[in-house]
Structure formats: C-alpha cells, structure tokens
Amino acid sequence: DLYNMRHIGPDTKVYGVIGNPISHSKSPHLYNAAFRSTSFNGIYLPLLVDNVSNFITAYSSPDFAGYSFTIPHKEAGLKCCDEVDPIAKQIGAISCMIRRPTDGKLIGYNIDYLGAIAAIEEGLRASNGTTPASGSPLAGKIFVVIGAGGAGKALAYGGYEKGARVVVANRTYDKAEELAGKVGGQALSLAALNDFHPEEGMILVNTTSVGMKPRIDKTPVSKEALKHYSLVFDAIYTPKLTRLLREAQESGATIVYGTEMFINQAFVQFKMFTGLPAPKQLIRDVLA
Ligand code: ATR
C-alpha cells in the first residue's frame with residue numbers, strides 16, 4: 001500500500017518528483033512512508049515529465065501542493081516559478097517548488113545544499129561540543145570547497161550564508177575565481193590546495209567526482225594537507241568511504257559521508273512540504 005489509498009479524499013494534498021527518467025527514484029517510497037507515519041494527508045507520485053512548463057500549467061489545482069525536481073529539469077523548473085528564492089536564483093536551478101497556500105503562487109527553492117550544510121554543522125557540533133547553542137558552528141571558519149560545478153556553487157553559497165570564510169579550489173582556476181567572487185571568497189587552483197594552510201581546524205568539502213567508483217584510488221588533495229582540517233565532507237556516496245574520507249579520518253579529522261547529504265535533505269524537504277517535524281529514524285531506515 002505505497003500510496004495510502006484508503007486515505008485519499010477531497011482534502012488530500014498531491015506532491016511528486018518531476019524528472020526523466022524517474023522510475024529509479026526512491027522519493028515516492030520515502031515520502032509516502034513518511035506521510036503515513038506522521039498521519040499527514042498527502043500522496044507523493046513519480047512524475048515522468050518531458051515539458052515542465054506544460055505540466056505545471058496543466059496541473060494548476062491548489063491540491064497540487066508541491067514538487068521535487070530532479071535531472072534534467074532543475075533549470076527548467078526555475079523558469080516556471082512565480083517567485084524564486086535568492087539562493088536558487090544564484091545557483092540557476094531549483095530542487096523543489098511549493099504552492100503558497102495564501103495565494104496559490106509557486107515558490108521555487110534550491111535546498112540541495114541545505115542537507116550537506118546541516119550534516120556538516122551536525123558533525124562540527126558533535127565533535128567540539130563547546131559551540132554556543134545559537135549561531136552556526138560554521139561562522140568564522142575557513143570553508144574550502146573543491147569544485148565549482150552545480151554542487152560546488154551550492155555548497156559555496158551555503159557556507160557563505162552561514163558566515164564561513166569560503167575558499168574555492170578548482171582544476172579550472174577561472175571558474176574558481178568566478179564563484180569565489182560571488183561569495184566574497186578566495187580562489188585557488190587545485191594544485192595550490194596542497195600547500196594551503198593559513199590556519200588549523202579548517203573545513204574541507206569535495207564536490208568533484210574525483211574518487212568516485214570505479215576510480216576509488218583517486219583523491220583531490222594530498223594526505224599531508226589534511227592535517228590542517230578538523231572536518232572533511234565528501235559529496236561522493238559511491239563508495240561511502242572514499243580515499244579522501246579514509247585519509248582524513250587517519251589524520252584525525254571528523255568525517256561526514258555523502259549519504260548524510262541526502263538524509264538531511266529529506267528532513268528539510270519533508271518539513272517544507274508538511275510543516276511537520278520529519279520522522280528522522282524512518283527516513284534513515286528507508287534510505288539505508
Ligand atoms: P556537479 O553539478 O555535480 O557539481 P559539474 O557541474 O560537472 O558537476 O562539475 C564538476 C566539477 O568537478 C568541476 O568543478 C570540475 O572541474 P573543472 O571546472 O576543472 O572541470 C571538477 N572535476 C571533474 N573531474 C575532475 C578531475 N578529474 N579532476 C579535478 N576536478 C574535476
């Protein structure tokens with residue numbers, strides 16, 4: 001009973017994930033299970049869509065309450081919003097769209113980075129324990145982002161929003177410079193990263209595919225350089241323990257797995273869709 005059929009009625013809110021292909025998506029299973037466990041009157045569908053604009057126009061009923069966006073529709077989705085959150089606008093893509101109940105307008109957000117940022121903050125809080133309860137543990141820290149593609153941009157904006165001092169390191173230096181300029185940060189070439197240690201206890205985030213299966217022997221930064229970092233996050237999740245994370249752990253850093261990004265993202269999105277606290281253990285179990 002994936003779709004909680006017995007509960008569908010006139011008040012049921014409809015959600016879905018828009019993409020192409022879509023059959024591989026775990027989201028319908030995840031959100032329907034989460035809706036059921038919290039008694040939220042909603043249903044979440046896999047939506048195989050070719051033309052986002054046509055789709056959104058066709059389903060303009062207020063009962064269509066929100067959508068998630070996946071490949072290749074994150075950019076097209078942005079163009080179909082009535083309003084777009086400033087970070088999503090900067091990134092140039094949305095990850096979800098929510099119909100505002102008061103006026104029915106569709107508001108686009110990009111929360112891809114929030115899951116990663118939340119996981120990193122949690123890792124920092126768990127490792128130093130002494131952080132004040134208010135404010136982000138990222139504030140004032142040097143936050144080094146490797147990569148300047150979609151994920152790199154999102155993480156750089158996320159760090160910037162939390163008050164971190166952002167450094168962007170990229171193979172193509174020009175792209176690092178462009179992104180660093182937008183977040184008031186510093187640019188580095190990937191080669192220069194190995195000798196970059198203005199202070200101890202920095203945070204490192206990899207958003208490149210370096211180290212992804214099947215080339216698991218690769219790492220974007222030397223092991224020697226890792227001793228200057230207190231926390232390392234790798235957006236790669238196949239394998240779960242990348243060479244970068246293994247070497248960071250050996251150097252004494254706290255490590256945060258790529259899988260945590262998806263889990264935390266689901267927590268954030270569930271709350272945005274329903275207004276309810278996320279059933280965290282259930283979400284962890286479904287995504288495990
Ligand atoms: P995503 O949207 O997942 O971030 P992307 O937009 O294709 O993917 O960006 C890929 C990032 O990984 C880029 O920063 C890219 O560096 P370049 O700008 O120099 O292309 C980086 N990247 C990919 N393969 C790499 C490699 N073998 N070595 C170093 N950097 C690499």
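**View 1. R100 and its salt-bridge partner D103.** R100 is partly exposed here, at 26% relative accessibility. The model is a predicted one, and in it the side chains of R100 and D103 meet in a salt bridge, 2.9 Å from N to O. D103 is partly exposed too, with a relative accessible area of 42%.

View 2. R246 pairs up with E250, their closest N and O atoms being 3.8 Å apart. Both sit in helix α8 (residues 243–250), 4 residues apart, or about one turn of the helix. R246 counts as partly exposed at 36% relative accessibility, and E250 does as well, at 48%. Back at the residues of the opening view, salt bridges with shared partners tie E83, R100 and D103 into one network.

**View 3. K74 and D112, a link between distant parts of the chain.** This salt bridge brings the closest N and O atoms to 2.7 Å. K74 belongs to helix α3 (residues 74–79) and D112 to helix α5 (residues 112–128), 38 residues apart. Across the whole structure, the search turns up 11 salt bridges.

**View 4. Where domain 1 touches domain 2.** Domain 1 covers 5–110 + 262–287, and domain 2 covers 116–257. The contact draws 6 residues from domain 1 and 9 residues from domain 2. Together the domains bury about 670 Å², 64% of it on carbon and sulfur atoms. On the domain 1 side, α4 (86–91) and α9 (259–274) each supply at least two residues, and α4 gives the most, with 3 residues. That side divides into 3 nonpolar, 2 polar and 1 charged.

Technical notes:
Residues are numbered from 1 along each chain as its sequence is written. This is a predicted model: local features need pLDDT of at least 70, side-chain atom pairs count only at pLDDT 80 or more; totals for chains, interfaces and linings use all residues. Side-chain values use heavy atoms; hydrogens and water are left out. Domain bounds come from an automatic or database domain assignment. Contact means heavy atoms within 4.5 Å. Buried area is the accessible area (1.4 Å probe) that two parts lose on being put together, summed over both. Ala, Val, Leu, Ile, Met, Phe, Trp, Tyr, Cys and Pro count as nonpolar, Asp, Glu, Lys and Arg as charged, and the others, Gly among them, as polar. A salt bridge is a side-chain nitrogen of Lys or Arg within 4 Å of a carboxyl oxygen of Asp or Glu. Buried means under 20% relative accessible area, exposed over 50%, partly exposed in between (1.4 Å probe, protein chains only).
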